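Welcome! Open your viewer, keep the selection tool at hand, and follow along from stop to stop.

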Amino acid sequence: MLRTHGIVPVLIVALALGLASGCSDDDSGQNNNVNVNDNTNVNDNTNTNTNTNTGPTYVGSATCETCHSAIHADFIESGHPYKLNKVENDQAPTYPHSTIPNPPNGYTWADVSYVIGGYFWKARWIDNDGYIVTGTDVQYNLVDQSWSAYHDTDPVGTKPYDCGKCHTTGWVATDENGPHQDDLPGIYGTFAQGGIHCEACHGPGSDHVAAPSTANIVKDTSSDLCGQCHTRDSQNRIEFKGGFVRHHEQYDEWLASPHNAANVGCNTCHDPHKGTVYFGAAGLNQECQDCHTSMTVNHNGTPGCIDCHMPNAAKSAKSVTMYDGDVRSHMFAIGTTDATWSSMTYEADGKTFLNGPLTLDYACYGCHKDENGEGGAYSIKTMIELSNRATGIHQ
Ligand code: HEC
Ligand code: HEC
Ligand code: HEC
Ligand code: HEC
Ligand code: HEC
Ligand code: HEC
Ligand code: HEC
Ligand code: HEC
């Protein structure tokens with residue numbers, strides 16, 4: 001269902017903010033499961049409006065940096081702080097590892113207030129009234145410098161920015177009645193900082209800054225912390241669209257993976273202050289081989305573990321082939337039989353829910369080709385050939 005400038009229906013859903021997430025993101029006008037989740041935020045707003053909150057307030061990452069400079073130096077190179085970037089002095093925001101072009105046709109830097117993303121996959125723009133710019137060539141895809149459509153059936157000036165729960169620090173959701181960040185009517189909420197800053201994960205830090213102690217700052221090492229944003233479906237099903245797992249579902253995939261049961265969580269593998277998309281294993285605490293110490297790979301040229309076990313089975317901006325999207329899978333286990341391949345097919349409506357494991361088309365066609373020649377750079381292999389070869393590939 002499309003969201004417009006009109007009234008957002010209010011359902012009181014008494015759920016913790018954390019697990020009740022979802023996304024109003026995506027590349028078509030087809031949204032689902034969205035409103036329930038957004039309405040959870042309305043609850044938060046109600047709480048804030050009671051004005052009884054005398055707890056700590058947000059101070060900003062620059063203040064944390066004064067004492068935790070090494071952590072800040074890692075963090076500022078990662079994607080989190082660049083999720084929502086203010087346009088200042090009519091200049092493009094700057095990024096550590098990417099550059100973005102001028103805004104879409106018809107807009108100059110003076111006509112836009114914020115850029116959404118632009119760090120790795122794609123960028124979208126927010127106009128000076130706070131609405132996300134919609135149209136045919138309004139989303140910039142970094143991988144191939146192309147432009148594509150975003151909500152092109154929604155008239156310009158009707159798509160509110162209500163994505164802040166996952167994109168900002170200290171988001172308080174509102175509706176068309178405000179209050180609005182920077183008094184921009186299209187932003188349905190307020191925030192302390194654009195982007196995922198220190199206090200998005202550690203909570204507001206004014207008390208801690210005044211008298212540093214472990215008792216007055218949050219340190220949450222659970223995967224549920226990351227799962228507040230790296231999820232889509234409120235029931236944590238793995239949602240598909242156009243042949244790919246939809247993006248920001250790492251938590252949902254991980255829940256269905258063997259690592260959940262084994263208590264190997266996001267922070268076991270990831271250093272939460274480091275990025276991986278530009279840094280690979282340097283952003284990790286532990287790699288596959290550190291735990292799976294004696295795996296031999298009986299396959300030509302010994303590809304890396306993640307080539308087969310974490311292929312790009314999900315898509316954010318652009319796919320390379322019908323098997324190769326642009327976001328790595330977190331299901332880890334690979335199924336090798338007919339029964340498991342069919343579990344990754346999707347319904348005629350273009351979406352379905354599944355619980356893994358990864359199927360061989362995604363695991364192998366990043367490198368091999370199917371019988372129609374679709375896939376990677378190497379030899380053609382049918383699914384039957386892959387299945388026969390995959391079983392016991394570590395023996
Ligand atoms: C004035 C210096 C100072 C500033 C500013 C500061 N911290 Fe700290 N922080 C410390 C010290 C010192 C400790 C260790 C406290 C201890 O061990 O008792 C600490 C510990 C922590 C811990 C570990 C808590 C734990 O349970 O182990 C976290 C997380 C943290 N700080 C986050 C932050 C964040 C986020 C900010 C910004 C909002 C911040 N700090 C600002 C000095 C500071
Ligand atoms: C449930 C949390 C959540 C919501 C809601 C959400 N996003 Fe995101 N978004 C993410 C996460 C996490 C990523 C990065 C991981 C991924 O894509 O798998 C991301 C990535 C992006 C990117 C690419 C960033 C880059 O630097 O390449 C853009 C652009 C984006 N989202 C736009 C939106 C817009 C616009 C909305 C609202 C209409 C929205 N998102 C709502 C969590 C969310
Ligand atoms: C994406 C979430 C996230 C962000 C953003 C984040 N942190 Fe953390 N931080 C964590 C988690 C999770 C841990 C606990 C890691 C562990 O012990 O496994 C942690 C641990 C810490 C610690 C304790 C260090 C230690 O060795 O246990 C400090 C200090 C800290 N963070 C400061 C910061 C500061 C300062 C920033 C901003 C520059 C920041 N964090 C940004 C999630 C985050
Ligand atoms: C408040 C929402 C939020 C939370 C909490 C969060 N993330 Fe993210 N994460 C995002 C968004 C949004 C992006 C996309 C950022 C961009 O592209 O600018 C992202 C991107 C990433 C990336 C890819 C970017 C890079 O620099 O490599 C990794 C890896 C990541 N997150 C890991 C984690 C881990 C691990 C945790 C838990 C410790 C976590 N995130 C918690 C929202 C969140
Ligand atoms: C078993 C280890 C492991 C666990 C558990 C894990 N990750 Fe990852 N993650 C990785 C590896 C490895 C990469 C890819 C690093 C590279 O590109 O070399 C990665 C990449 C990512 C990326 C970037 C996606 C991309 O396209 O490159 C995000 C976002 C992310 N992880 C988030 C999470 C979140 C959130 C969790 C918990 C729900 C999680 N990860 C749990 C190992 C892990
Ligand atoms: C911190 C240790 C750790 C790391 C790092 C780790 N794993 Fe695991 N993994 C485990 C444990 C523990 C299990 C469950 C016990 C088992 O089956 O070995 C497991 C299970 C698995 C399984 C299912 C095994 C089965 O028998 O069905 C696969 C596949 C897997 N891991 C792949 C990976 C890949 C790929 C990576 C790197 C991206 C990775 N693991 C990183 C500890 C780890
Ligand atoms: C060429 C693709 C490929 C590569 C590379 C690969 N794997 Fe696998 N892996 C598979 C397939 C396929 C299976 C399922 C085999 C089966 O069910 O008989 C599997 C199964 C596993 C399992 C569970 C079953 C078992 O034998 O214990 C683990 C754990 C695992 N791999 C870890 C790793 C690690 C660690 C690496 C890197 C050293 C790696 N894999 C590299 C394809 C690959
Ligand atoms: C990182 C790239 C890569 C991935 C991923 C990959 N392969 Fe391969 N594979 C190759 C290359 C390179 C060759 C040798 C040249 C060729 O066949 O084109 C090869 C050869 C083969 C062969 C013929 C030679 C032999 O050893 O039997 C089979 C069968 C095969 N791969 C199966 C698989 C299966 C099954 C998977 C997924 C589980 C897989 N491959 C994933 C790169 C890859």
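How far is a nitrogen atom of ligand 3 from an N or O atom in the side chain of His 273? Select both: the distance is 2.8 Å, a polar contact (a pair of N or O atoms within 3.5 Å; within protein, one must be able to donate a hydrogen and the other to accept it, and residues adjacent in sequence count only if both atoms are side-chain atoms).

Before moving on, a note on the model. It is predicted, with local features needing pLDDT of at least 70 and side-chain atom pairs counting only at pLDDT 80 or more, while totals for chains, interfaces and linings use all residues. Residues are numbered from 1 along each chain as its sequence is written, chains are lettered from A and ligands numbered from 1 in the order in which they are written, and side-chain values use heavy atoms, leaving out hydrogens and water.

**Stop 1: ligand 3**

Stay with ligand 3 and select His 202, where an N or O atom of the side chain is 2.8 Å from a nitrogen atom of the ligand. Helices (H or I, at least four residues) and strands (E, at least two) are DSSP runs, numbered from the N terminus.

Now show the whole shell, using residues with a heavy atom within 4 Å of the ligand. There are 17 of them, and Cys 198, Cys 201, His 202, Lys 219 and His 273 come nearest. Seven are nonpolar, eight polar and two charged, where Ala, Val, Leu, Ile, Met, Phe, Trp, Tyr, Cys and Pro count as nonpolar, Asp, Glu, Lys and Arg as charged, and the others, Gly among them, as polar.

**Stop 2: ligand 6**

Next, select ligand 6. It is surrounded by 14 residues, the closest being His 259, Cys 288, Cys 291, His 292 and His 309. The elements giving two or more residues to this shell are α9 (258-261) and α11 (288-291). By class, the shell holds eight nonpolar residues, five polar and one charged. Zoom in on His 259, whose side chain has an N or O atom 2.8 Å from a nitrogen atom of ligand 6.

**Stop 3: the iron of ligand 7**

Which protein atoms are donors of the iron atom of ligand 7? They are NE2 of His 309 and NE2 of His 394, lying 1.9 to 2.0 Å from the iron. Donors are N, O and S atoms within 2.8 Å of the metal (3.2 Å for Na, K and Ca); water is not among the atoms, so sites may look incomplete. His 309 sits in helix α12 (residues 305-309) and His 394 in the segment after α15 (383-390), so the pair ties together parts 85 residues apart in sequence.

**Stop 4: Arg 232**

Finally, look in the loop between α7 (223-227) and β10 (238-241) for Arg 232. Is Arg 232 buried or exposed? At 3% relative accessibility, Arg 232 counts as buried; buried means under 20% relative accessible area, exposed over 50%, and partly exposed in between (1.4 Å probe, protein chains only). Its side chain reaches the backbone oxygen of His 247 at 3.1 Å. A polar contact of 3.3 Å also joins the side chains of Arg 232 and His 248.
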